[in-house]
Structures are given as C-alpha cells and as structure tokens.
Amino acid sequence: MHHDSTIYVAGGDTLLGRALLERLQREGFRNLVGVPPSEPDLTDPHQVELFFREARPEYVFHVAGMSGGILANQTRPAELMLDNLLVGTNVIQQAHRYHVTRLLYVASSCSYPRLAPQPMREDSLLTGPLEPTNDAYALAKLAGWKLCDAFRRQYGSCFITAIPANAFGPHDDFSLQGGHVIPSLMQRMHQARTTGEKEVVVWGSGTPRREFLYIHDLADACLFVMHRYEGPSPINLGGQQDLSIREIATLIADVVGYRGKLRFDTSKPDGMPRKVLDSTRLLAMGWKPSTPLRIALENTYNWFLAHQVREDTVHVCQPV
Ligand code: GDP
C-alpha cells in the first residue's frame, strides 16, 4: 500500500472506520475514496457496484455492518444479521469484480463457539455452538469470512479476515440500548455522578471476562495485517489481558470519579462466560498493543465529556 494507492474504508462512519480514516489521513494516504458522507449505501447492490466501478479502490478495509452490545443483539438479531450479510456480500462481490488488490474483512470475536477453549485460537472457529445472545450476528460475520475464503480458493483473491477483541474508544456508541459494556457503563456512571445517585446497575453477574482493545490500537493492527498477513485463516487481533466485568466496572467508576455502589443485576444476561483471543500469531509477527487500558479509558471519557453524548443517541452501527 503506497501513499498514492486508492484506499476504501467500507463502513467509514463506524467506530473502527473513523479510527482507520483518521490514521490513514494522518499518515499521508492521499487517495481515500468513499469517505463519509459520500459513502454509498452498502446494503444496496446497485450503489455498491456503481461506486466500485467509478472509484476503483485497490485496497479495501471492510469494517462495515451494524453491530451493538448484548441488548441490541438480543432485541434486533434480524436487523443485525441481514445488514451484515448484505454489506458483506455486496462489498466482497464488487471487490472481486473490480480487481481489488487486497481486502481485509474484519469479523467479530462473537463468532467463536460459546465454550471454545480460552484463550481462543483461530482453529477453534466453527468447532461448536455459538453463544445464543449473538448467534445471528456471529453467523453473518462467519459468512463474510467464508465468502472471502471462497473467493480466495476459486479466484486466488487476496482477501484476508481478522477477528478483533472487544474494541472501544472515541466515537463509540454510548447509548444504554445499543452500546457495549464500556461506553454504556461510562454513560451510566457519568449520569450517576452528576445526579448524585447512590448506586449504579451493572448487568449480569459481573463474572464474565472480556479482553478490551483501544480502537486506535485496533486500527494500527488492521494496517499491520493489511501489510503483512496472508492466508485463508482469520487472524486474531488482541494481545491485552482480560478482565472480569466487575473489574472493568470498578476501573470505569474510578476514571469517571463515581464513588457510589455497583449493583449486579443477575436478571440480565452474561453472554459468553469468557472471551479472550489467543493472539500468538499476531504477536509473533511483531505487533503489540501500545495503549495501557487506563489511559485508553481516560481518553474515551475525555472524548465523551467533550462531546456530551446523550444516553438516547443510539446508533447501532459499530463494528466489533
Ligand atoms: P459481549 O462481549 O458481546 O457480551 O457484549 P457487551 O459488551 O454488550 O457485554 C459484555 C458483558 O458486560 C456482558 O456480560 C454484559 O451483561 C455486561 N454488562 C454489564 N453492564 C452492561 C451494560 O450496561 N451494557 C452492556 N452492553 N453490557 C453490560
């Protein structure tokens, strides 16, 4: 990828899409196409075909598709699955038709079996049943990977797939309905601190464990694998220690300055008991995350404060 290569970030308005565009612009990549607001509607095959025909991207980062936290996955499975199937199919098909040099498809760690051995290695994919709270979304992401692999086998396309850890950061979805655990708890604890509430509800038992990756580190990992990785198997993008939900909630309370009590609501789902990626392959290639979790949380909260994101600003559109 050169500074004058034509690059398209499919899903430029998502959490990862924004971080990638920001990074590519900062590094002097001059020829970025389909940058929002001029991105086509990726669920519309005609718009996608027309866009590829005119823009002729050489490199594609596919980070498009609706996504959301555990509640969004439970209440909107049909929308999430359909959207991801459509955008995956449309973009991958046109990338083949218009001879894209390399495409990186970003899938999701939800695609691992619910009880995959932890940390999860790439060869555990498709070895067992999915977590029911997000199986529809997870299947759409698996289909995207397998479609890339099918094009690779039939036509020799350089379409690679990566699976990121749970990402968070500036531009996240801070809504209580759509967001993942970090932005949602930040929103809730911020409100509780502002209004002097004595307790904050945290969903589930607090015992599930998750690996969290700062969005700018994830964008860095995406660029790294776009340059360096080649192969039919997805590659995990992680490398951080996992934390229990209780631990991350306590850390968020500290960053936000909330001193009240945390109450765990066990009537809400826990989701997967543990989700940690085995990133041995990536780390062996020489990449590692560079932002300590505490700093990443502070940056995210500062962004939230600067933008005063309201709790009802739902934009279920974040990948990963
Ligand atoms: P997951 O990694 O796909 O399960 O997605 P989430 O980030 O939505 O949830 C991770 C874990 O955090 C689950 O066990 C949730 O029950 C728990 N959790 C606790 N409080 C919240 C909250 O306010 N919002 C979300 N989304 N999850 C929460």
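1. Glutamine 94 counts as buried, at 5% relative accessibility; buried means under 20% relative accessible area, exposed over 50%, and partly exposed in between, with a 1.4 Å probe and protein chains only. Glutamine 94 lies in helix α4, where helices (H or I, at least four residues) and strands (E, at least two) are DSSP runs numbered from the N terminus. Not counting residues up to four places away in sequence, glutamine 94 touches Val48, Glu49 and Phe52, contact being heavy atoms within 4.5 Å.

2. On the basis of the note: this is a predicted model, in which local features need pLDDT of at least 70 and side-chain atom pairs count only at pLDDT 80 or more, while totals for chains, interfaces and linings use all residues. Residues are numbered from 1 along each chain as its sequence is written, and side-chain values use heavy atoms, with hydrogens and water left out.

3. The ligand is surrounded by 18 residues, of which the closest are Ile70, Val181, Arg210, Pro269 and Asp270; a residue is near a molecule or strand if one of its heavy atoms lies within 4 Å of it. Polar contacts are pairs of N or O atoms within 3.5 Å; within protein, one must be able to donate a hydrogen and the other to accept it, and residues adjacent in sequence count only if both atoms are side-chain atoms. Asparagine 166 places a polar side-chain atom 3.0 Å from an oxygen atom of the ligand, and histidine 180 places one 3.3 Å from an oxygen atom of the ligand. From glycine 179, a backbone N or O atom lies 3.0 Å from a nitrogen atom of the ligand. Taken alone the ligand exposes 530 Å², and the protein buries 99% of that; accessible areas come from the Shrake-Rupley method with a 1.4 Å probe, and for residues only the protein chains shown count as cover.

4. Helix α8 (residues 245-256) has twelve residues, which at 1.5 Å a residue should span 16 Å; its end C-alpha atoms are 16 Å apart, in agreement. The expected span is 1.5 Å times one less than the number of residues. The buried residues of α8 are Ile245, Ile248, Ala249, Ile252, Ala253, Val255 and Val256. Seen down the axis of α8, these fall within an arc of 165° and so line one face of the helix, the arc being that of the directions from the helix axis to the C-beta atoms. Their packing partners include α6 (181-195), β8 (209-214) and α10 (293-307). Just after α8, glycine 257 has a positive phi of about 85°.

5. For helix α5 (residues 135-155), the 21 residues should span 30 Å at 1.5 Å a residue, and the end C-alpha atoms are 30 Å apart, which agrees. Among its buried residues are Lys141, Trp145, Asp149 and Arg152. The buried residues of α5 pack against α3 (70-75), α4 (77-97), β4 (102-106) and β5 (159-164).

6. Leucine 213, in strand β8, is buried at 0% relative accessibility. Its C-alpha lies 7.8 Å from that of proline 289, 76 residues apart in sequence.

7. Most residues other than glycine have a negative phi, and most peptide bonds are trans. The peptide bond from proline 36 to proline 37 is cis, with omega near 10°; another cis bond joins glutamine 118 and proline 119, with omega about -10°. Histidine 99, not a glycine, has a positive phi of about 55° and is exposed, with a relative accessible area of 64%.
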